[in-house]
Amino acid sequence: MRGRSVVRTCTLLVVAWALLLLGVAGCTESSALPRPGVLTVGLREPATLLPADVRDQAGRMLARALWTPLVDYDAATGTVTPRAAESVSSTDQMNWEIRLRAGGRFHDGTPVTAKSYVDTWQAVPAERWAGSAVLTEVLRPVRVSARDELTVLIELDRPFGQVPAVLAAPALLPLPASALAAKDWKAFAANPIGNGPFRMAEPWRPGSGGRLLRVGESAGKAREIEVRVGDSAAHYDQVRAGTLDVAAEVPGERHDAMHHDFAERHVMWPLPEVGYLAFPLSDKRFEDAAVRYAFAMAVDRAALASGPLASQVDPARSILPPGIAPGERSGPCRPCTHDQPAARSLLEQAGFTGPVTVYFDAGQEDWGHEVADQIGPALAVEVTARPRGDEAGRPGDGPFLVTRSLRTASPHELLTELTRAVGYADEGFAQLLASADAAGLSAESGQLYRLAENQLLRDLPAAPLWTGHGHAVWASRLRAVPAVPLWGLDLAAIEI
């Protein structure tokens with residue numbers, strides 16, 4: 001009898017424990033279900049939440065939620081939409097006045113003033129953050145000052161009509177006086193204080209994520225954003241399973257399935273990332289533009305995009321990528337076209353002889369080898385790929401890869417950086433670029449930038465290969481998921 005009692009007691013304990021486990025499992029499952037007004041977003045770990053130091057799309061998305069830029073800029077139309085600024089104006093393209101909207105505040109309650117911008121723009125280059133080139137190389141102010149609480153004055157070293165486009169950059173977002181005084185950037189990056197539609201609810205948790213709370217009301221949109229850091233493939237599967245609202249990145253292995261799984265629930269936007277094959281203009285073998293055209297046309301950009309670049313890029317169709325290009329090109333980009341017979345014919349006519357080395361930098365290994373493997377058979381020339389840092393290599397004796405991550409939506413930045421990187425100098429091009437810079441944001445400036453681009457396509461010091469893009473998928477309970485070129489998803493504007 002005693003043995004039976006013990007068995008019965010043990011059985012009851014097992015049943016009770018099983019019921020307890022089922023209850024826990026039920027709670028776990030229900031907690032993963034959507035909560036009213038709470039948007040769940042899957043991102044990769046951002047490199048930083050310091051706006052002037054962001055270097056990835058996760059950082060840009062979060063910066064846009066936590067801060068309000070002075071303006072928004074649409075490169076395709078040249079449209080400037082005031083945000084934190086009430087107006088941006090100039091009479092001579094050298095002296096600019098930015099009038100701030102009254103009542104702007106940081107999340108710590110302190111006012112956003114003209115001095116906030118002046119002090120921040122002094123700190124950015126002093127701290128050598130990634131965005132410092134926006135001030136030192138693109139904007140190049142001689143003096144920045146605050147005329148009063150709401151007016152920022154900028155004096156430049158030359159006429160530059162692209163100022164409104166540059167003011168949309170993350171590097172120029174304001175920092176509160178407390179952060180500028182403390183200079184504890186590690187602590188600030190963990191719990192940033194912005195002036196945007198959302199504020200941090202708690203310090204950022206590396207490897208996990210964080211919570212953002214909306215400042216004020218916004219009907220139909222999220223009152224809270226729960227950011228989950230993790231693997232993009234896992235995020236994709238979680239959206240499909242209904243346990244995550246948005247996956248802000250689609251990995252290459254899910255790219256084809258995306259069109260079936262999320263036929264009407266995916267979006268793509270241009271990223272500020274571009275890749276080129278540049279030519280050593282000092283090498284006599286590459287003096288003839290026909291040789292450079294032959295190498296450019298030997299590259300199968302579609303295979304490059306779907307292969308080693310894992311469907312995270314588009315084949316290039318011009319020097320200027322979509323995120324910064326002013327309007328549409330008037331004609332096709334001939335050196336962007338894969339045409340093996342024409343490429344080989346051009347090379348034979350030029351009397352080119354090999355062998356050739358293609359040089360790449362760190363992070364370019366996979367697609368650098370692919371470019372070399374494509375060019376060799378296409379042109380019937382011996383081509384090898386080698387790291388540019390290899391002591392045995394001489395970067396001046398063969399083509400080399402160039403990648404750029406842009407910080408602004410102004411064509412000036414890319415055209416200046418690219419020509420400097422490849423050592424291209426031409427008086428006619430310099431005059432075209434100066435005229436486009438001075439023309440302001442207008443149809444005329446767009447045409448002038450396109451003329452400068454056309455000259456680069458004709459002389460071809462560098463052949464465009466690819467431009468980056470972002471992809472996101474979302475759950476059926478979301479009505480609208482807008483994306484902004486260069487920034488990424490506009491988390492504050494997503495409709496639930």
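D361 and R388 form a salt bridge, with their closest N and O atoms 3.2 Å apart. The pair links distant parts of the chain, 27 residues apart: D361 sits in the loop between β14 (356–360) and α13 (365–379), while R388 sits in the loop between β15 (383–387) and β16 (400–405). Please keep in mind that this is a predicted model. Here is a tour of the charges, the cores and the overall build.

- D361 is partly exposed, at 31% relative accessibility.

**Other salt bridges**
- The chain has 31 salt bridges in total.
- One of them joins R420 to E137, where the closest N and O atoms are 3.6 Å apart.
- R420 belongs to helix α14 (residues 411–422) and E137 to helix α4 (residues 132–139), so this bridge ties together parts that are 283 residues apart in sequence.
- E137 is partly exposed, and its relative accessible area is 36%.
- R479 and E495 also meet through their side chains in a salt bridge, at 3.7 Å from N to O.
- Because R479 lies in the loop between β17 (462–474) and β18 (483–484) and E495 in the segment after β19 (488–489), the pair ties together parts 16 residues apart in sequence.
- R479 counts as exposed at 59% relative accessibility, whereas E495 counts as partly exposed at 28%.
- For a linked set, look at E202, R205, R211, R223 and E224, which are joined in a network of salt bridges.

**A buried arginine without a bridge**
- R60 is found in helix α2 (residues 57–66).
- This arginine is buried yet has no salt bridge.
- The nearest side chain of opposite charge belongs to E273, 4.3 Å away; a salt bridge needs the nitrogen within 4 Å of a carboxyl oxygen.
- Leaving aside neighbours within four places in sequence, R60 is in contact with V54, R55, L271, P272, E273, L486 and W487.

**Nonpolar cores**
- The largest nonpolar core contains 106 residues.
- The residues with the most contacts inside this core are L70, I98, W121, L212, I225, L415 and L489.
- W121 is in contact with L70, I98, L135, V144, V152, I154, L167 and L172, once its neighbours within four places in sequence are left aside.
- Another core, of 35 residues, lies apart from the largest one, and its members include V299, L379, L460 and W466.

**The chain as a whole**
- There are 16 helices and 19 strands in the chain.
- The C-alpha trace spans about 100 × 65 × 45 Å along its principal axes.
- Of the 496 residues in the chain, 50% are buried.
- Among contacts with a separation of 6 or more, 71% come from residues 24 or more positions apart.
- On the charge side, the chain has 48 positive and 58 negative side chains.
- The centres of these two sets of charges lie 7 Å apart.

Technical notes. Residues numbered from 1 in each chain as written. Predicted model: local features only at pLDDT ≥ 70, side-chain atom pairs only at ≥ 80, totals over all residues. Heavy atoms only, no water. Helix = DSSP H or I, 4+ residues; strand = E, 2+ residues; numbered from the N terminus. Buried < 20%, exposed > 50% of the residue type's maximum accessible area, 1.4 Å probe, protein only. Contact = heavy atoms within 4.5 Å. Lys, Arg positive; Asp, Glu negative; His and termini not counted. Charge placed at Lys NZ, Arg CZ, Asp CG, Glu CD. Core = buried A, V, L, I, M, F, W, Y, C linked by side-chain atoms within 4.5 Å.
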